[in-house]
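I opened this model to take notes on its fold, its charges and its surface. The entries below follow the order in which I looked things up.

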Amino acid sequence: MTSKISYIKFIREDIRHRSWLAVFSALVLFLAMPVYSAIYIDGMKGAQTVPGNTSAFITQNIRAIFPGLINGQNAMIVCYIIFLLAVLCAATGYGHIHSREKLDFYHSLPLRRMQWFSISYLSGILIFLIPYLINSFLIIAIGNMNGILNSALAVSSLIAVLGGCLVFLLIYTTCVLAMTLTGRTVTALLAGVFLIVSPLFILTTIESLEQEFFAAYYAPPGKAFFVNLSELLSPLGLSSKLLTCTGTYFPASAGSELTGITLPELLIPLAAGIIMTVLFLILSAVLYRKYPSEAAGNALAFPRSAPVLKVLACIPGAFIITDMIHAFTGMSLEKWFFPLSILTVLILTLFVEYIYRMDLRAIWRGWKSTLISIAGVAAIVSVLQFDLIGYDSYMPDEDNVARISILPDSFSNYFIYPSEYGPDSEIYLGFYVPEEDTALACSLAETGLRNAENGIEVPNTWEYSESESSDEKYMKTLFRFQLDSGRVIYRQYPLNREQLVPAVRSLLENKEFRKTIYPVFQLNRDDVYSINFSDSYQVPVELNLTDEQRSQLLDAYEQDLLAADASTLTEGTAIGSLEINIYDPFQPGTEALQNGMTADSVLGSPNLVGLSGFDLYPEYTNTLEFLENLGYTLRTEIDPEDVENLSITLSLDSVQSAKYSELFHTLPDGSASFTQYSTGEDVRTSDPEAIRLILDAIPPSRTELLDFSEDGGDSMEIEYKDGAGIGYYF
């Protein structure tokens with residue numbers, strides 16, 4: 001029986017035979033980790049000479065990126081080296097099984113197969129682990145020498161070391177599995193790439209194809225099922241997730257809103273990485289134990305698995321390649337998806353057969369698995385193109401709907417919320433309607449479904465589709481159904497103004513729903529930095545308010561908003577607006593601001609987020625009177641005397657249809673210049689009378705809760721005599 005001392009001796013001997021790799025590992029890790037980090041940190045400290053960058057601010061920024069220098073999250077060269085060393089350690093440690101002579105020699109020695117497997121596996125780990133740990137602690141020492149190391153950063157750095165080690169083990173074990181599945185180094189490399197990369201591409205391609213073929217499909221941000229799954233079931237996706245999670249600085253006093261990573265978000269990838277590594281290790285050990293000597297030199301170690309592996313590789317491979325071609329060329333999937341998928345799977349099957357046999361004359365011998373692959377691709381394409389699962393036509397029964405939310409596309413442009421930058425924020429999914437309005441929202445969803453079934457396309461974000469029988473515009477509207485079972489279903493449908501306005505107006509009659517969707521009711525007033533006011537001139541003016549006046553203004557606005565008629569909110573014409581600026585909690589310096597430091601001492605100027613959705617209507621008497629008493633008068637129209645010049649850019653459609661020819665004919669002779677382009681026309685004037693006529697004919701810019709106006713058409717730019725300027729589409 002081999003003693004522990006013998007094991008250590010064999011491991012040392014195995015490392016000695018791969019001494020070049022051990023030296024290479026130590027050298028590249030030393031250059032990429034402590035040397036690179038020292039230079040990088042010194043460069044960041046040099047930024048302290050920039051005005052406004054204090055020592056505390058620079059230190060905070062260095063701490064934020066420091067753990068990522070250890071595991072490669074913020075130093076991509078380290079990430080690439082970890083992957084490269086994992087592949088080299090696996091290839092050199094198990095390369096002997098691809099040579100029949102070496103395999104017979106190794107197995108003739110007085111060691112069991114599992115002992116050889118363990119020796120090779122452990123020596124490969126040590127070749128990476130020893131220099132990686134040494135260089136990691138050298139980086140931590142550099143951090144301490146630069147005065148940035150504290151207890152929280154030390155813990156974060158150790159987590160980063162753990163993440164880097166786990167990523168190596170995961171990729172290394174995956175490559176070991178690829179070596180034990182094959183009999184040649186070339187096919188082992190192909191198998192390694194397939195095992196590491198293909199699960200990520202397969203799962204993300206499923207998401208992409210669903211989005212392309214199902215018109216009603218919606219992937220909510222931060223909640224896409226297959227994308228999240230790819231980060232747990234794919235070695236490449238999981239490695240990326242591990243580096244991101246473990247390369248984060250966790251301040252001792254900060255919550256997840258500052259770090260962006262919660263404890264479950266850290267522990268789940270770590271657990272998934274350990275589980276996947278252990279599973280691949282067990283499978284590799286079992287295959288190594290059964291590895292036949294005659295497999296050395298062949299494409300696969302177990303020929304009977306060849307047809308199964310061929311089908312499992314070629315069917316998803318055909319869709320991945322076809323989707324990539326679609327992404328690069330913009331081809332029509334409706335027309336080309338079927339023939340291109342069939343052609344791709346045919347080429348892949350023939351290529352795989354050639355790899356198996358290395359004989360062009362024998363590539364047709366695997367015709368059965370080739371036919372199965374082609375049939376599988378044809379079946380999946382049919383399901384997608386003809387919606388055989390009824391995805392687009394599905395509508396939950398109203399009796400089974402516990403709650404439903406609605407989000408017209410214009411809401412996303414009209415409202416900006418304090419929580420907008422959270423990936424799982426409600427604003428991306430819509431807000432649930434009151435229980436008594438569930439039937440109304442379900443009925444609206446059914447109307448959208450009928451529109452889609454009648455050939456109305458679901459438009460892209462911030463775009464509009466039109467009916468073939470009319471010029472009526474349709475807006476994308478997202479519905480989220482939460483069923484009694486707890487299942488959540490997302491669907492998006494096209495709806496026009498006549499369908500949306502009455503329904504939204506009815507929903508806004510409910511004051512609680514009004515409080516839910518308007519950001520003023522979600523605002524933490526302690527976070528407010530400033531309030532801007534603008535009228536028809538559209539030039540924001542910062543209001544000079546005390547804390548008490550600011551609170552009184554927001555109180556008046558809330559009172560007016562709740563008292564306003566619902567028709568005012570959906571169809572009224574705003575005569576001005578407020579913009580609330582709050583501290584951005586996801587930018588550096590916010591923590592110091594919250595600890596009582598002034599914005600100027602931290603950043604020079606604070607990082608702010610501007611919230612929108614605070615329109616002012618003539619009915620908002622409390623707000624308007626409050627502003628009037630403070631000396632801020634709201635102007636309802638632009639005085640031509642205040643305008644220095646203006647220019648209009650017309651689209652080609654407007655020029656060809658002579659849409660504004662009557663207006664231009666009324667302008668004084670020679671008062672405006674006209675410049676023709678292939679894409680449209682520019683009209684520019686500084687004549688007071690021409691300016692007056694144009695301002696009378698073209699209304700000022702305004703936003704609507706249900707805005708069906710489409711950007712990208714005609715636009716106007718106005719330059720005022722005080723130097724300010726605005727531009728907008730009309």
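**Terms first.** I call a residue buried under 20% relative accessible area, exposed over 50%, and partly exposed in between, with a 1.4 Å probe and protein chains only. Areas come from the Shrake-Rupley method with a 1.4 Å probe, and for residues only the protein chains shown count as cover.

**Ground rules.** This is a predicted model, where local features need pLDDT of at least 70 and side-chain atom pairs count only at pLDDT 80 or more, while totals for chains, interfaces and linings use all residues. I number residues from 1 along each chain as its sequence is written, and side-chain values use heavy atoms, with hydrogens and water left out.

**Overall.** I took helices (H or I, at least four residues) and strands (E, at least two) as DSSP runs, numbered from the N terminus. The protein has 27 helices and 14 strands. Its C-alpha trace spans about 100 × 65 × 60 Å along the principal axes. Of its 730 residues, 48% count as buried.

**Positive phi.** I looked up backbone angles next. Most residues other than glycine have a negative phi. Ala658 is not a glycine, yet its phi is positive, about 55°. I found Ala658 in the loop between helix H25 (652–656) and helix H26 (661–665). Ala658 is partly exposed, at 42% relative accessible area. Asp387 also has a positive phi without being a glycine. The value for Asp387 is about 45°. Asp387 sits in the loop between H15 and E1. With a relative accessible area of 19%, Asp387 is buried.

**Core.** A nonpolar core here is a set of buried Ala, Val, Leu, Ile, Met, Phe, Trp, Tyr and Cys residues joined through side-chain atoms within 4.5 Å. The largest one has 75 residues. Those with the most contacts inside it are Phe66, Ile70, Tyr94, Tyr132, Phe168 and Tyr172. Elements that give two or more residues include helix H2 (19–46), helix H3 (55–71), helix H4 (76–94) and helix H6 (113–145). Which element gives the largest share of this core? I noted H7, with 16 residues.

**A residue on H7.** I picked Ala154, which is placed in helix H7. At 26% relative accessibility, Ala154 is partly exposed.

**Salt bridges.** Side chains of opposite charge can pair when their charged atoms come close. My cut-off is a side-chain nitrogen of Lys or Arg within 4 Å of a carboxyl oxygen of Asp or Glu. How many salt bridges does the structure hold? I noted 12.

- Asp14 and Arg18 meet at 2.9 Å, N to O. Both ends are buried: Asp14 at 15% relative accessibility, Arg18 at 4%.
- Glu231 and Lys241 meet at 3.6 Å, N to O. Glu231 is in helix H9 (residues 225–233) and Lys241 in helix H10 (residues 235–246), 10 residues apart. Glu231 is partly exposed at 26%, and Lys241 at 27%.
- Asp555 and Arg525 have their closest N and O atoms 2.8 Å apart. Asp555 lies in helix H20 (residues 547–563) and Arg525 in the loop between helix H19 (511–517) and strand E6 (528–534), so the pair ties together parts 30 residues apart in sequence. Asp555 is partly exposed at 37%, and Arg525 at 27%. Arg525, Asp555 and Glu558 are linked in a salt-bridge network.

**Surface patches.** Patches are made of residues with over 30% relative accessible area and no salt bridge; like charges are joined within 9 Å, nonpolar side chains (Val, Leu, Ile, Met, Phe, Trp, Tyr) within 5 Å. Lys and Arg count as positive, Asp and Glu as negative, and His and the chain ends are not counted. I placed each charge at NZ of Lys, CZ of Arg, CG of Asp or CD of Glu.

Asp397, Glu398, Asp399, Glu446 and Asp484 gather in a negative patch on the surface. Glu398 is in the loop between helix H15 (367–385) and strand E1 (401–408). Glu398 is partly exposed, at 37%.

The nonpolar patch covers about 610 Å² and is made by Leu27, Phe30, Leu31, Leu126, Ile130, Ile134 and Leu138. H2 and H6 each supply at least two of its residues. H6 gives the largest share, four residues. Leu27 lies in helix H2 and is partly exposed at 48%.
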